[in-house]
Amino acid sequence: MLKLNPERKKEFLELMAQRGWDVLLFYGDTWRKDHFRCLVSVCFTGPQALAVLTKEGEVRAVVTHPWDVEPVKAATGGSVTYVPRLVDGLKSALRDAGNAVIAINGLEQMEARFVRAVKEISRAAPISATADVEEIRRVKTQEEIEWITKAARLADRGYEQFARVARAGMTEYELVAEVEGFVKAHGAEDNFMLVASGGTEVTAMKPPTARKLQLGDSVITELTPQINGYYAQICRTLTIGPPSQKQLESYAIFAEAQQAGQDLLRPGVDISDVARVQNDVFRKHGYGEYTGAQYTRVRGHNLGLYPDEFPHVLESVHYTCKKDMVVICHPNTYLPLSGYMVFGDTLLVTDTGCVSLSQTEKRLFQA
Amino acid sequence: MKRGLVSWDKGELPVDELAARLAAVHTVARRKSVDAVVLYSDVWRSNDARYLSNYMPYWNRAFIVVPRDEKPILACALSPRVYPWIKTVTVHENIIASPSPPATLFKLCAERGWKWVGVCDLEGLPSDLHAEMIAGKVELVDIPRSEIRPAPTEVEVWMHARAARMAREVLEKELPAAGERNDHQLTGRLERLLRRAGAEDVVVLVSDGQGPPLPAEGRPVGPHTSVVVANEYNGHWAKVTRNVAGVTSSLSESGGATALRENLSGSYSWESLDDATTAAVISLQLQIRAGDRHVYYGDTCLQGQEGLRVL
């Protein structure tokens, strides 16, 4: 199992040499563990964890929960210090860093007091490495692709469970509990999942409520299991009972839009165009106004150690796609036909196009 | 992640309780001579905002802005499409779409003529937000968390106790029959039961007796297995640990066992706590020697000057 990512470590050392950084810190907190895990793939328990990569290639770490010492030490082979308060650990980990140029991956999320401590130690404000590291992370290694593929398979099985157990009279949160229990029982480390049910009054997904599913409902979900740190996502919609004509009409538009994005995605394509071709399908059908921020968020996004990585698939975002990026195309939005609807697959960019890592049938499901 | 039931049961968390907490913040604002008090919130640093308004983000960042003697304003980066739902589970009537919460705060300051703003744990803000804040034209006053959140109220303690009961019940039901499963399967069963019972979030860690509790890795459940269940019920965490061997210990007199204290309602949910007297709801986890291995046992307790009380 990938723990210390050697390919990434090599790339990060090259980045440090290019930028003239002496020390690169990887700061993760409970929300953004990915900033730490892109070097040390350990799902830490404490509030924060920090890895220190020196330009000589040494890796040492500071953790804020005693249960994190052993797994992080096993992953890095270097020294690991436990401190209840990260400020104390920073002073220890950077004790030899006087006048060093220090860059931090995850600087923006780092508490201001920690940044100040780094500044006091090195006598200069640390530099943000977040964008540079994200650019490296965007293109996946073969091992990362294997983990994301496994996560995509689990997303398929999770959706199968979702469609199997959903029924009228069940609450949204009971449905989520069934799926959550299933993906965890089958190896998910975590799962990001949103849901909604109902008709044209549904304008967004959110955490599950106590609303009971009813005959005629559209039930929508974005299911995102995590395997060994890596997320894959699937978006599908099902109806409780036979679909109405409007639900079928709506689904056909979403399927056409998602396919347009999938057909275009390849190396060299501007991600803006991947959004545009999806939106153009809505425009063609007279629903162009529902592609804006009032009704939707994004037409997809990159996937990896974080379930919502950049670049976002938006007409306003310009980024040239590269081989081995993993992107979900999901033209999820509100339509007056049947309310908010979702449909999306996890796509791996190949030499000549992309392949879907999702194997779930592309159809409007029925419970 | 917060993908369980997020709700507001006014029988459990009365409107009056939240009103009293808000009134206490107004008192702090007057004492500090600030025009408003700001609390930061994100997916995993949600305890303070939840305490004040029952706001629970499932994603993204937010500020709760409490004008002196007024109702709180939520400045959040979530889409306005979910504001109707937020209004059903919080006290918030005024929600402002805020890609940048500091920018929204400064706009409010300009509109209302605010000159002094108190920020709960100013240096604890994420550094990008902190940089935006200190670059503004408003005087910022740091307000320690302990002034916003003093000793736990009876309602808080009751909610933590409810979360702990849920965790204990599923562990006592599932552990005796867990020997035929691996730790993934056991984790899945615990998650399913807790989420069906209304848990908002669940984190399960498992130890095989040779190392610390970790996320499940597909290892078989054996006689030295210990299971840690962190269960969040409507914003209130509990952490309960039991072991297959049935080893228990007195939490108030842990003897030779190694003890770990965590603050369950700190800025982050599981901060290590080296102070054994501060009034707080804590998790106390014991590592107990069992032959050539060790097992874990722990529970959720109310800590105070008079000692510990298991909730």
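Hi everyone. Let me begin with a definition: two strands count as paired if DSSP finds at least two bridges between them. Please keep in mind that what we are looking at is a predicted model.

With that, let's go to chain B. Which strands make up its open sheet, and in what order? There are six, running E4-E3-E2-E1-E5-E6, and the pairing is mixed. Going from one strand to the next, the twist averages 25 degrees. Now look at the two edges, which are strand E4 (94–97) and strand E6 (139–143) of chain B. Each has a single partner strand, so one of its sides has no neighbour in the sheet.

As a reminder, strands of a sheet pair through backbone hydrogen bonds, either parallel or antiparallel. Which of these do we have for E1(B) and strand E2 (residues 62–67) of chain B? They are antiparallel, joined over six bridges. If you'd like one to find on screen, take Val37(B), whose bridge partner in E2(B) is Val66(B).

Two helices are worth a look here. Helix H1 (residues 15–32) of chain B lies across E1, E2 and E6 of chain B, at about 70 degrees to E2(B). Helix H4 (residues 101–112) of chain B runs at about 20 degrees to E2(B), and lies across E1, E2, E3, E4 and E5 of chain B.

Now for the rings. Over all chains, the structure holds 19 aromatic pairs. One of them is Phe36(A) with Phe44(A), an edge-to-face pair with 5.4 Å between the centres and 85 degrees between the planes. Are these two buried or exposed? Phe36(A) has 0% relative accessibility, so it counts as buried, and Phe44(A) is buried too, at 1%.

Over in chain B, Trp44(B) and Trp237(B) are stacked, 5.9 Å centre to centre with 15 degrees between the planes. This pair links distant parts of the chain, 193 residues apart: Trp44(B) is in the loop between strand E1 (36–41) and helix H2 (47–53), while Trp237(B) belongs to strand E9 (residues 236–243). Both Trp44(B) and Trp237(B) are buried.

There is also an aromatic cluster with members from chains A and B: Trp31(A), Phe192(A), Tyr306(A) and Trp59(B).

Finally, some charges over rings, back in chain A. Lys150(A) has its charged end over the ring of Trp147(A), 4.6 Å from the centre. Arg363(A) lies over the face of Phe365(A), with 4.0 Å to the ring centre.

Key:
Residues numbered from 1 in each chain as written. Chains lettered and ligands numbered in written order. Predicted model: local features only at pLDDT ≥ 70, side-chain atom pairs only at ≥ 80, totals over all residues. Heavy atoms only, no water. Phe/Tyr/Trp six-rings, centres within 6.5 Å; stacked < 30°, edge-to-face > 60°. Buried < 20%, exposed > 50% of the residue type's maximum accessible area, 1.4 Å probe, protein only. Helix = DSSP H or I, 4+ residues; strand = E, 2+ residues; numbered from the N terminus. Lys NZ or Arg CZ within 6 Å of the ring centre and 35° of its normal. Axes fitted to C-alpha atoms, helices over the stretch in contact; angles between N-to-C directions. Contact = heavy atoms within 4.5 Å.
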